[in-house]
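Colleague: Could you walk me through this one? I would like to start with the strands and then move on to the charged pairs.

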Amino acid sequence: MWQKRALADIPSVPWRNGHGYTKVIAEGGTEAGFQWRLSVADILKDSSFSIFTGWRRFFALLGQGSLTLSEKNGNWSHTVNGSGRPFQFSGEDSVQSSDVHVPVQALNLMVRANVIWNQPVGILLKEAAFIIEETGEAQIFLIPSIGTWNLHEGRSKVRIVPGEIWSSSAQMFSQTLLTQETPESSLFFVKT
């Protein structure tokens with residue numbers, strides 16, 4: 001069974017470095033501590049990112065807009081476009097965002113680098129109809145980026161739109177079909 005949350009209802013918490021705010025959607029792990037965290041950050045201007053030693057980061061933008069991420073020592077630079085493919089980098093990298101001309105929302109999945117997972121963890125951009133057929137202990141998140149999607153489960157159909165976070169345990173459903181309501185619709189499928 002799918003659960004819906006409004007992104008606006010999730011409280012904002014300050015970044016470690018105090019340069020912005022993020023909304024933590026979910027965290028998971030073991031008794032030893034958190035192993036992954038899924039969040040959405042509001043990036044209002046050019047700023048430096050917090051350092052997360054021992055973590056991998058998967059970074060994507062929701063909606064429209066773009067920004068450039070650059071590693072402080074010049075080892076890499078990458079432009080991220082709204083609804084573009086997620087970009088992966090080390091949480092240890094000293095990263096600065098630039099070319100933020102309008103406020104953007106960033107989807108951020110952080111995973112401990114030393115964790116061995118039983119299932120793949122990551123973010124996929126979906127731009128066409130697809131079926132979710134997951135089993136096991138995985139947690140699934142659907143985060144609409146642009147446009148409207150229809151979630152079909154059995155005989156029921158619900159619309160999902162940007163600003164909503166949909167989640168379900170893979171044990172709670174057998175098959176879900178997602179279809180675009182408009183051709184330009186895109187969403188992020190996150191599996192942890």
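Modeller: One definition before we start: two strands count as paired if DSSP finds at least two bridges between them. Please also keep in mind that this is a predicted model.

Colleague: Fine. In β17, which residue is the bridge partner of Ile140?

Modeller: The partner of Ile140 in β17 is Ser168, and strand β14 (residues 139–146) pairs with β17 (residues 164–169) in the antiparallel sense over four bridges.

Colleague: And how many bridges join β14 to β19?

Modeller: Six bridges join β14 to strand β19 (residues 186–191), again with the strands running antiparallel, and within that pairing Pro144 has Leu187 as its bridge partner.

Colleague: How many residues of β14 are buried?

Modeller: Seven of its eight residues are buried, so β14 is largely enclosed by the rest of the structure.

Colleague: Switching to the open sheet, what is the strand order there?

Modeller: The four strands run in the order β5-β10-β7-β8, with antiparallel pairing. Strands β5 (47–48) and β8 (77–81) stand at the edges with a single partner strand each, so one side of each has no neighbour in the sheet.

Colleague: What about Ser97, buried or exposed?

Modeller: Ser97, which is found in strand β10 (residues 95–98), counts as buried because its relative accessibility is 0%. Leaving aside neighbours within four places in sequence, its contacts include Ile43, Phe49, Leu67 and Leu69.

Colleague: Now the charges: how many salt bridges are there in the whole structure?

Modeller: A search of the whole structure finds three. In one of them Lys4 meets Glu164, with the closest N and O atoms 3.8 Å apart; Lys4 lies in strand β1 (residues 3–6) and Glu164 in β17, so the pair ties together parts that are 160 residues apart in sequence. Lys4 counts as exposed at 52% relative accessibility, whereas Glu164 counts as buried at 14%.

Colleague: And what does Glu127 pair with?

Modeller: The side chain of Glu127 forms a salt bridge with that of Arg85, at 3.4 Å from N to O. Glu127 sits in the loop between β12 (122–126) and β13 (130–132) and Arg85 in the loop between β8 and β9 (87–90), so this pair links parts 42 residues apart in sequence.

Colleague: Which residue forms a salt bridge with Glu181?

Modeller: That is Arg159, with the closest N and O atoms 2.6 Å apart.

Key: Residues numbered from 1 in each chain as written. Predicted model: local features only at pLDDT ≥ 70, side-chain atom pairs only at ≥ 80, totals over all residues. Heavy atoms only, no water. Helix = DSSP H or I, 4+ residues; strand = E, 2+ residues; numbered from the N terminus. Buried < 20%, exposed > 50% of the residue type's maximum accessible area, 1.4 Å probe, protein only. Contact = heavy atoms within 4.5 Å. Salt bridge = Lys/Arg side-chain N within 4 Å of Asp/Glu carboxyl O.
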